[in-house]
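Have a look at the model below.

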Amino acid sequence: MDLPTIIGLLNAENLTNQLDMSANIHTVHASDLISEVLASCGRGALWLTSLLDTQIVNTAELFDLSCVVFVGSRRPSQEIIDAALEDEIPIFVTKLSMFEACGVLYQHGLKTANRH
Amino acid sequence: MSEKALFTKTFTVDGGDFQNAGSVSKQVKKILKQLNIDPDTIWRVMIVCYEAEMNVVLYARQCEVTLSIYPDRIHLKLADEGPGIEDIEKALTEGFSTATREMRERGFGAGLGLPNIRKTSDMFEIESTVGVGTTLNISVLLPE
């Protein structure tokens, strides 16, 4: 599914308008644990999280994730937005909770990014 | 395994430096991309490199990281000065962690780090002396 469609489904706000939105996404990882992304998340996934830490962007960039959506209206700091722009990782914020965001994406056919 | 490194570079990681955490992994990724290493291998190297780098930031005082590229593998040596690991077998058990609350709030400390490094790499050696430090030697084989 293309990224603009996903962002529409989540009714999410784009915090990095300048970045490329052409990604095609098939898998989702939902977690607030960076260690879990490293241990179980495959490449190309959309990452749903409520964790606000600059390491989020580093992690997404290092592990080839497509983008990050902050759930529950958790708005990242300008420092995180700047890091995302520099590393070219599109980031978004949605009012939906983790549970609701997962439900919407699951219902529309996206799969788990768990590689095990 | 062939022994002559085609490329070697050394980096330093400072314990507790969250501002620059991940920067060595980023530099390593850039080098591997420039050398046209395949994306799957880079991704595996990133898992071991970032896990190990974050372990230094979270637990150690300082660490020298040496990246060596051989014709058949990518090797990382991390030699840190730090508290060392009391029980290596325990530290290699998934879920075992000595992380503080602050580390967990930052998304780390789930006790997945060292087990994940061992699982993802093709060669993994760990030596540790309590009160002195820990040395990791890790290799990821290049596809034939």
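What percentage of the 116 residues of chain A count as buried? It comes to 44%, where buried is 20 or more other C-beta atoms within 10 Å of a residue's own, exposed is 12 or fewer, partly exposed is in between, and C-beta atoms are placed from the backbone.

A word on ground rules. This is a predicted model, so to speak of local features a pLDDT of at least 70 is needed, side-chain atom pairs count only at pLDDT 80 or more, and totals for chains, interfaces and linings use all residues. Residues are numbered from 1 along each chain as its sequence is written, while chains are lettered from A and ligands numbered from 1 in the order in which they are written.

**Chain A**

Chain A has five helices and six strands, laid out from the N terminus as α-β-β-α-β-α-β-α-β-α-β. Helices (H or I, at least four residues) and strands (E, at least two) are DSSP runs, numbered from the N terminus. Chain A is as compact as a globular protein of its 116 residues, because its radius of gyration is 12 Å, close to the 13 Å from the globule rule. That radius is taken over C-alpha atoms, and the rule is 2.2 Å times the number of residues to the power 0.38. Along the principal axes, the C-alpha atoms of chain A fill a box of roughly 35 × 30 × 25 Å.

In chain A there is an open sheet of six strands in the order S1-S5-S4-S3-S2-S6, with mixed pairing. Strands S1 (13-14) and S6 (111-112) of chain A are at the edges with a single partner strand each, so one side of each has no neighbour in the sheet. Two strands pair if DSSP finds at least two bridges between them. Here are two pairs, one from each chain:

| Strands | Sense | Bridges | A partner pair |
|---|---|---|---|
| S3 (residues 46-49) and S4 (residues 67-70) of chain A | parallel | four bridges | Leu48(A) and Val69(A) |

Leu65(A) sits in the loop between helix H3 (55-62) and S4 of chain A. Leu65(A) counts as buried because it has 25 C-beta neighbours inside 10 Å. Beyond its neighbours within four places in sequence, Leu65(A) is in contact with Ala45(A), Trp47(A) and Ala60(A); contact here is C-beta atoms, placed from the backbone, within 7 Å.

**Core and chain B**

The largest nonpolar core has 71 residues, and those with the most contacts inside it include Val69(A), Val45(B) and Val48(B). Such a core is a set of buried Ala, Val, Leu, Ile, Met, Phe, Trp, Tyr and Cys residues joined through C-beta atoms within 7 Å. Helix H2 (residues 39-59) of chain B gives the most to this core, with 13 residues. Apart from neighbours within four places in sequence, Val48(B) is in contact with residues including Leu76(B), Ile117(B) and Ile138(B). As for the hairpin of S4(B) and S5(B), three residues lie between the strands, and Gly131(B) takes a positive phi near 85°.

**Where the chains touch**

The contact takes 17 residues from chain B and 15 residues from chain A. On the side of chain B that touches chain A, H2(B) gives the most, with five residues.

Notes: Two residues are in contact if their C-beta atoms, placed from the backbone, lie within 7 Å.
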